[in-house]
Amino acid sequence: MKVLGISAYYHDSAAAVIDDGKIIAAAQEERFTRIKNDASFPINAINYCLGEMQVTLNELDAIVFYDKPFLKFERLLETYINNAPRGLVSFISAMPVWLKEKLFLRSAIKKALKKYDSSINWNKTQLLFSQHHVSHAASAFFASCFNDSAILCIDGVGEWATASIAKGSGNKIELLQEMHFPDSAGLLYSAFTYYLGFKVNEGEYKVMGLAPYAVNQRVHIEPYKQKIYSHIVTVFDDGSIKLNPEYFRYATSLKMINEKKFETLFELKRRLPEEEIIPAHCAMALALQEVLEDIVLKMAAYAKKITGARNLCMAGGVALNCVANGKLKEKDLFDQVFIQPAAGDAGGALGAALAAYYLHFKATRIITAHADEMNFCRLGPSYKDTQIDALLQNSQLKHTKYEHTDDLLELTAQLLAEGKVIAWFEGRMEFGPRALGNRSILANPAIEHMQSELNLKVKKRESFRPFAPVMLQEEFTTYFGQEYESPYMLFVHKMLSGHCKPNSGFTGNLFETINQNRSVLPAITHIDYSSRIQTVSAESNKKLNRLLTLVKRRTGFGVLINTSFNVKDEPIVCTPSDALDCFKQTAIDVLVLENYVVIK
């Protein structure tokens, strides 16, 4: 049975195809259009997925959209009615779009697919709609290797649900409890993201990265936390929350918050984008992060209580908060935790397809011996040497093709040891927000100032942003004391003290703070000695595993910086042409395109 899943029209549009439950391909539309967080109908992603599976629309058994627009419209309309006359401007702005495009999605989807393939026969291929949190839950549980599991989904909002707890068993998912809009942990975090001067639905991870700079500011953090708990949000023992509507505007206007009330409460003006970041912003970020961790840990404990499950699956945008994930992992509430690597709305496309296959068509589920069914996120397009060769010939850049992979890896390892920054393009593009070694920028983490130089000269982004390490499995134990596999860069842990050096915390100057030499691997050690870990094995990425082994022979550590192959405000590169364009406009020293090497 062949099923296509689609997410679209809100943010992070994507498509995914499965064949008898096996995930064949998945990709985000932004990678093809080069529009970050592209919300348009994912026709390019659909075209890729169908091509990868070598089928036409008529050969599909079902096409599934990842949420139910009528339920979402019901929530929108009911919210406006309940808050009238507030929200009139937002209502007038939103209604034409809904009435023209979003409410009648069935006809809009059929029209878009008819334009793509005029021969489509809707009598043969079913068009289905999955609930938003069912899509999230299915994306995690059915992609995991668990036969039984608690499932926790936390995001901004789907139709009505903002968080849900379910029990997965075999080919079934049983919804046990939901939290509804406007009370939302995801929207709480997004509200503070806006207050701190970052873009909603994009800058939340910047807030998470900013928070550790306040690690030595407990005297300021605690008052902020108390104000959040006493005025902004009530957190109950089961992790459910109640937001104070006086401080928020997202339900009734085009703004996230009541800026005047936020500024009066915290005695801090809302930071405008590109304004200087001061210690108070860092303290606010950490206070928020700790409140979110409190919510997530309580929800997880309650999920354990009502399901009795030994395993946990997570999805939804909040599941990408890897600091909270690390705290959850260290609590040992569950034997195993699987987080869908594409936990946001893009992963909803995959979840919609899986939900239809198992829940609608009631297909038998067979658990394999793999770690999971995600193929280590290698679900996007790959490119042949002939395509790369033609591109490089036309570019007139000097390049070398290596016939033997070992020779290529030996050269790359040596260049990394010498401090070169290398763009690494290999195999199938990753699905989800992380570059995991197929569309990555690699560098030596032991070199001082590498973090700030990569941010400013290569990534062209905020200098405070931390970089994640990719490492051999044994290095995870050596440097962080952890032994589980972490192939998706979804958990943060602190480095063991024996590898750390004292630092003075946030000095008030971000650039000075970043360049403190605080560990034996300073460029991947955040100011609180934490790192967002990716481990690599021969199974997860044979070529990268071999490269790390060669790096260790030269440097003594099998660890590299791994950051996504892109610059600020652009999607991760997809094609060899994208890679070449990014290489030429940055200070990257070396480009490795499959078996080809270009050195500036």
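Author: Strand 7 (residues 161-169) and strand 8 are joined by eight bridges and run antiparallel. Strands here are DSSP runs of E with at least two residues, helices are runs of H or I with at least four, and both are numbered from the N terminus. Two strands count as paired if DSSP finds at least two bridges between them. Opposite Ser164 stands Glu178, in strand 8. The model is predicted, so local features need pLDDT of at least 70 and side-chain atom pairs count only at pLDDT 80 or more, while totals for chains, interfaces and linings use all residues. Residues are numbered from 1 along each chain as its sequence is written, and side-chain values use heavy atoms, with hydrogens and water left out.

These two strands belong to an open sheet of five strands in the order 8-7-6-11-12, with mixed pairing. The edges are strand 8 (172-180) and strand 12 (336-339); each has a single partner strand, so one side of each has no neighbour in the sheet. On average, neighbouring strands of this sheet are turned by 20° against each other, direction ignored. Axes are lines fitted to C-alpha atoms (for helices, over the stretch in contact), and angles between N-to-C directions run from 0 to 180 degrees. Helix 6 (residues 132-141) lies across strand 6 (148-154), strand 7, strand 8, strand 11 (311-315) and strand 12. Its direction is at about 135° to strand 6.

Another open sheet of five strands has the order 3-2-1-4-5, also with mixed pairing. Here strand 3 (22-28) and strand 5 (126-129) are the edges, and each has a single partner strand, so one side of each is left without a neighbour in the sheet. From one strand to the next, the twist averages 20°. Strand 4 (residues 62-65) pairs with strand 5 in the parallel sense, over four bridges. In this pairing, Ile63 stands opposite Leu127 of strand 5. Helix 5 (residues 105-116) lies across strand 4 and strand 5 and runs at about 135° to strand 5. Helix 13 (residues 345-360) also packs on the sheet, where contact means heavy atoms within 4.5 Å. Helix 13 touches strand 1 (2-7), strand 2 (14-19), strand 3, strand 4 and strand 5, and its direction makes about 30° with that of strand 2.

Next come the cores. A nonpolar core is a set of buried Ala, Val, Leu, Ile, Met, Phe, Trp, Tyr and Cys residues joined through side-chain atoms within 4.5 Å. Buried means under 20% relative accessible area, exposed means over 50%, and partly exposed lies in between (1.4 Å probe, protein chains only). The largest core has 185 residues, of which Leu188, Phe192, Ile232, Phe266 and Met374 touch the most other members. Helix 11 (residues 279-307) contributes the most to this core, with 15 residues. Beyond its neighbours within four places in sequence, Phe192 is in contact with Ile228, Ile232, Phe262, Phe266, Met284 and Leu288. There is a second, separate core of 20 residues, including Leu409, Ile422, Leu544 and Val551.

Thr412 is in helix 15 (residues 405-417). Its relative accessibility is 1%, so Thr412 counts as buried. Its contacts, leaving aside neighbours within four places in sequence, are Ile422, Trp424, Leu547 and Val592.

Strand 19 is mostly covered, with six of its six residues buried. Val559, Ile561 and Thr563 are on one side, and Leu560, Asn562 and Ser564 on the other. Strand 15 (residues 439-443) runs antiparallel to strand 19 and is joined to it by four bridges, with Ser440 partnered by Ser564. Strand 16 is likewise antiparallel to strand 19, again through four bridges, and Pro469 has Ile561 as its bridge partner.

Helix 17 (residues 473-480) has as its buried residues Gln473, Glu475, Phe476, Tyr479 and Phe480. They cover an arc of only 155° around the axis, so they sit on the same side of helix 17; the arc is that of the directions from the helix axis to the C-beta atoms. These residues pack against strand 16 (468-472), strand 17 (491-494), strand 18 (530-536), helix 19 (542-555) and strand 19 (559-564). After helix 17 comes Gly481, with a positive phi near 70°.
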